Every structure is written in C-alpha cells, then in structure tokens.
Amino acid sequence: MTSRSTVPARGTDEQNLRPARNPRTSPVRPVGRNRALRRHALPLTVICLLLASACAPGPDAVEGDPRAAESRTSTPTPSPSPTANPVVKEIPAQQWQRMVETGVWRKGCPATREQLRRVEINYVDFEGEVQRGVLVVNADITESVSRIFTRLFDEKFPIYRMQSVETYEGDTKTSLSDNNTAGYNCRRLNQINAPVTESPHANGRAIDINPLRNPWMDLRCKCWSPSGQYAERKPGKGVIVEGGHVWQTFIDEGWVWQNIKVPDYMHFDTGYPSIPVTGNRPSPTASVAPPSTPPTPTPPASPSPS
C-alpha cells in the first residue's frame with residue numbers, strides 16, 4: 001500500500017478533474033441517519049460472524065477424503081461411557097440392502113441375515129481417541145466377540161478403523177489396504193477366498209485386525225498383502241505377535257490365529273472349516289451343517305485368508 005507521504009500534493013489526474021464541492025449546493029447526509037447506521041453496524045457484524053461460524057467445517061472434517069461424509073452416517077457415534085459398551089443388534093434393513101448391493105452377501109452364501117448380527121463397540125484408535133466401531137459376525141459368537149474387544153479396549157490396544165466391508169463396496173483389497181478391522185465377508189469368486197461354504201469369513205466366524213500392520217502372504221504373487229512394510233514380527237502399534245496380549249485374548253476364547261499354511265498375521269477364526277459355536281464359545285468337535293442347496297465350490301488359486 002502506498003503511504004500518504006508519497007502521494008503528490010496536486011493529486012491524481014482523476015482527482016484534479018473532479019469539481020470542487022460547493023458547501024451551499026452539495027448534499028449533506030443527515031446526521032441522524034449516520035448515527036442510526038452506526039447503531040445497527042455492530043449487531044449486523046455479530047450476526048454475520050455467527051452465521052459464518054455455523055456454516056464453517058468442523059475440526060474433524062478431512063479435505064478431499066471421500067469417505068468422510070459416508071463414515072459420519074454409517075459409523076455410530078462413540079458412546080459417552082469410557083467402557084467398550086458392546087451392543088448387539090440384528091442387521092438393519094438399510095445395512096442389509098448395502099450388503100446385498102455390494103455382493104458382501106449373495107445367493108449361495110452360507111450365513112443368512114437371520115444368522116448374522118451387527119456388533120457396535122468402542123475401540124481406541126491410533127491417536128488414542130475412543131471411536132465407535134461396527135463388526136458383522138455370526139450370532140453364535142457375539143458374546144465371545146464382545147468379551148474379546150472389551151478386553152482389547154480395556155488394554156488400550158489400538159485399532160486403526162472398524163467398519164463393515166460393504167462400506168468399501170464389498171472390495172476386500174480396499175478394506176485391507178485401509179487398515180480396516182472387519183469380520184463377515186462372503187467374498188466374491190474373483191477375490192481371495194476359500195470354498196464359500198467352508199470360509200470362516202463367509203460364515204461370520206473370522207476377524208481380520210489392522211491388516212496393514214499384520215499382512216498375509218499371497219502365494220499367487222509371492223508377495224505380502226496389503227503391504228510388506230510390517231511383515232517382520234516385532235512389537236509395535238497395532239501389531240499382533242504370538243504370545244502378545246491380542247493373541248492371548250483370542251486364544252483364551254478358543255480362537256485360532258492365522259489358521260492356514262502361509263503367514264496370515266491379521267486373521268483369527270473359530271476353526272476351519274468354519275466351526276459353529278456352542279454356548280457362544282468355539283466348539284472344535286462341532287460339524288458344519290451343509291446348506292440346503294450348496295453351490296459348486298471353486299478351489300482357491302492358493303491358500304488364502306478366509
């Protein structure tokens with residue numbers, strides 16, 4: 001900005017061409033009106049500021065994150081209680097519709113809507129904040145799942161994200177890459193999968209925890225998925241190691257860790273093929289009842305988490 005000291009005394013050409021104001025003929029604004037405007041100026045300014053702050057994005061808004069708006073509607077708000085506060089519900093109609101639309105459930109999948117449950121539970125995220133997560137699991141393991149994740153919450157084990165897979169359009173790889181902890185998923189035939197009727201995930205009796213920090217070995221590409229960055233097993237934030245408290249929590253409930261022939265550090269299940277649970281605890285002597293119209297199983301290209 002130019003200071004007053006540098007402005008020529010004669011003024012600009014535009015200023016020199018302006019006719020001088022005749023105090024006798026030039027209109028003068030009434031003094032009363034100016035006072036009235038001054039009286040209203042402050043309240044109007046305050047109103048504008050209030051409106052602007054009401055419309056401004058909140059501190060949790062993430063610019064450019066396409067999931068931000070969706071997650072606010074699909075993920076429940078953390079409960080005010082400092083406990084895990086697990087709540088078991090039947091699958092709501094809107095969620096079931098999304099599961100069908102995204103292929104997370106389709107005809108031939110072994111678990112039906114009546115056999116599945118939505119478990120809402122608090123967890124501690126990687127920033128140490130309490131979040132409300134959602135797991136879809138078989139009804140016969142809801143008590144076990146509630147106990148497990150209550151214990152993890154009490155021990156403040158960090159979980160990066162916990163959403164059901166239809167949030168990711170049913171795409172397993174996208175869910176894994178987002179470090180998302182999830183349970184039920186009747187994976188499509190072009191995704192990593194065991195025969196669908198035997199798959200613990202398709203039966204709702206398996207959970208993958210922090211996949212990015214606990215990857216598995218995909219023999220189809222002989223590579224770690226979703227990333228090899230944390231392939232080495234050593235303690236760290238969100239990492240599962242044998243003998244650690246996450247491992248011990250699941251083992252105490254009768255679950256099995258990485259129940260395949262290749263490393264699968266994210267994966268816990270009640271047994272393979274998927275084992276029904278008696279009294280809400282895994283029962284290794286139980287057998288799987290075949291569905292009334294079993295589809296022709298397609299063998300996987302390689303051992304894979306299921």
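**Cavity linings**

I looked up the lining of the largest cavity by class and found five nonpolar, six polar and two charged residues, where Ala, Val, Leu, Ile, Met, Phe, Trp, Tyr, Cys and Pro count as nonpolar, Asp, Glu, Lys and Arg as charged, and the others, Gly among them, as polar. I note that this is a predicted model, in which local features need pLDDT of at least 70 and side-chain atom pairs count only at pLDDT 80 or more, while totals for chains, interfaces and linings use all residues. Residues are numbered from 1 along each chain as its sequence is written, and side-chain values use heavy atoms, with hydrogens and water left out.

For the search I took a cavity as a set of points, on a 1 Å grid over the protein atoms alone, where a 1.4 Å probe fits but cannot get out, with lining residues having an atom within 4 Å of a point. Grid points are joined across faces, edges and corners, and a volume is the space filled by probe spheres set on the points. By this rule I count two cavities of 30 Å³ or more.

The largest cavity has a volume of about 80 Å³ and is lined by 13 residues, of which V165, S175, A182, R187 and D208 lie nearest its centre. Helix 6 (residues 172-177) gives the most to this lining, with three residues; helices (H or I, at least four residues) and strands (E, at least two) are DSSP runs, numbered from the N terminus.

The second largest cavity has a volume of about 50 Å³, and its lining includes V104, V134, Q163, V165, A182 and Y184. By class I find seven nonpolar residues, three polar and one charged in this lining.

**Disulfides**

Taking a disulfide as a pair of cysteine sulfur atoms within 2.5 Å, I searched the whole structure and found two. In sequence order of the bonded cysteines, the pairing is 1-2, 3-4.

I first checked C109 and C186, whose sulfur atoms are 2.2 Å apart. The torsion about their S-S bond is about -95 degrees, so this disulfide is left-handed. C109 lies in the loop between helix 4 (93-101) and strand 2 (116-124), and C186 in the loop between strand 5 (180-181) and strand 6 (206-208), so the pair ties together parts that are 77 residues apart in sequence. With buried meaning under 20% relative accessible area, exposed over 50% and partly exposed in between (1.4 Å probe, protein chains only), C109 is buried at 8%, and C186 is buried at 0%.

I then checked C221 and C223, whose sulfur atoms are 1.9 Å apart; with -65 degrees about the S-S bond, this link is left-handed. C221 is partly exposed at 39% relative accessibility, and C223 is partly exposed at 29%.

**Backbone**

I looked for cis peptide bonds and noted one from S225 to P226, with omega near 0 degrees; P226 sits in the loop between strand 8 (223-225) and helix 7 (245-252). Another cis peptide bond joins Y272 and P273, with omega about -5 degrees, and P273 lies in the loop between strand 10 (267-269) and strand 11 (277-278).

Technical notes: On a 1 Å grid over the protein atoms alone, a cavity is a set of points where a 1.4 Å probe fits but cannot get out, and a pocket is an open set with protein on both sides within 12 Å along at least five of seven lines; lining residues have an atom within 4 Å of a point.
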